[in-house]
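Here is a short report on how two protein chains meet. Look at the structure first, then read on.

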There are 2 protein chains.
Amino acid sequence: MSADKKKMTLEWKGNFRFEAKNPNGLTVNFDAPKKYGGDETAPSPMETLLACLAGCTSYDVISILKKKRQNISGYWVEVEGERRDEPPEVYTKIQIKYVIKGKNVGKEAVEKAIQLSYDKYCSVGAMLKKTAEITTSYEIIQE
Amino acid sequence: MSADKKKMTLEWKGNFRFEAKNPNGLTVNFDAPKKYGGDETAPSPMETLLACLAGCTSYDVISILKKKRQNISGYWVEVEGERRDEPPEVYTKIQIKYVIKGKNVGKEAVEKAIQLSYDKYCSVGAMLKKTAEITTSYEIIQE
């Protein structure tokens, strides 16, 4: 088994507000949308799940583009998920759009980075793609 | 297809720091651990993934316990995940421990709530259990 165990403690803060903490005290907050009885003070767990996917693959993509000496000045990702109508309301389709901004950014470097993340490195993606069909696209904005 | 689409936009903030936003501007932050080159200003995507699971199942459990008129004064969840050694370093085992504090909290109500979440309602759990073996336990602290 891997030595790299992860641990989080999540505490109820009233209504549907929750605060999770890692062992170093770094936090992430959750709430429910108003239509589900929440106060909407933080993203919901299912919204944050999409964000985890975006964060995980972006760690890979930024790492790989750095190694490939790409000159990146801006980067963002739009991620959208469609859910099942019946419980459990899992994601059935997820679209990830990467936008990379910089000087002489190579199309091949970007494609390779996205593909390596999808096929090999992204742990969140490897788990979610068992349920959701994940598709990717990208845009390069040359400066 | 479900009408309940979710969307997040994640922006690179330098090094391995990222900020994700939902359409209402509610945010969640990510960073990498120092040993992976990060600044450790926020939980990592894989830590936050465990938190999403804890938040999602806790929404169910708190909802169900409320409906069952249970008098809950405190509630927290400890969640721990073991990962594969090789990439993708997915979770292979996840343990969730629920702690419920209150007056005359019913063991059966708690067990039923946890089971309904696991079997039927928890969307994050339904996705992660395709890869990880998820086990649950609970403790009731009577006041």
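Across the interface of chain A and chain B, 24 residue pairs are in polar contact, both residues at pLDDT 80 or more. A polar contact is a pair of N or O atoms within 3.5 Å; within protein, one must be able to donate a hydrogen and the other to accept it, and residues adjacent in sequence count only if both atoms are side-chain atoms.

This is a predicted model, where local features need pLDDT of at least 70, side-chain atom pairs count only at pLDDT 80 or more, and totals for chains, interfaces and linings use all residues. Residues are numbered from 1 along each chain as its sequence is written, chains are lettered from A and ligands numbered from 1 in the order in which they are written, and side-chain values use heavy atoms, with hydrogens and water left out.

**The interface**

The rule also finds 4 salt bridges between the chains. A salt bridge is a side-chain nitrogen of Lys or Arg within 4 Å of a carboxyl oxygen of Asp or Glu. Glu82(A) and Lys5(B) form one, with their closest N and O atoms 3.8 Å apart.

In contact (heavy atoms within 4.5 Å) are 79 residues of chain A and 79 residues of chain B. The buried area is about 7,000 Å², and carbon and sulfur atoms give 65% of that. Buried area is the accessible area (1.4 Å probe) that two parts lose on being put together, summed over both. Lys6(A), Trp12(A) and Met127(A) supply 12% of the area that chain A buries against chain B, more than any other three residues.

**A sheet from both chains**

Strands (E, at least two residues) and helices (H or I, at least four) are DSSP runs, numbered from the N terminus. Two strands pair if DSSP finds at least two bridges between them. An open sheet of 6 strands has the order E3(A)-E2(A)-E1(A)-E4(B)-E5(B)-E6(B), with mixed pairing. E3(A) and E6(B) stand at the edges with a single partner strand each, so one side of each is left without a neighbour in the sheet.

| Strands | Sense | Bridges | One bridge pair |
|---|---|---|---|
| E1(A) and E4(B) | antiparallel | 6 bridges | Leu10(A) and Val77(B) |
| E4(B) and E5(B) | antiparallel | 12 bridges | Gly74(B) and Lys101(B) |

Helix H1 (residues 45-67) of chain B packs on the sheet. H1(B) touches E1, E2 and E3 of chain A together with E4, E5 and E6 of chain B.

Notes:
Axes are lines fitted to C-alpha atoms, for helices over the stretch in contact, and angles run from 0 to 180 degrees between N-to-C directions.
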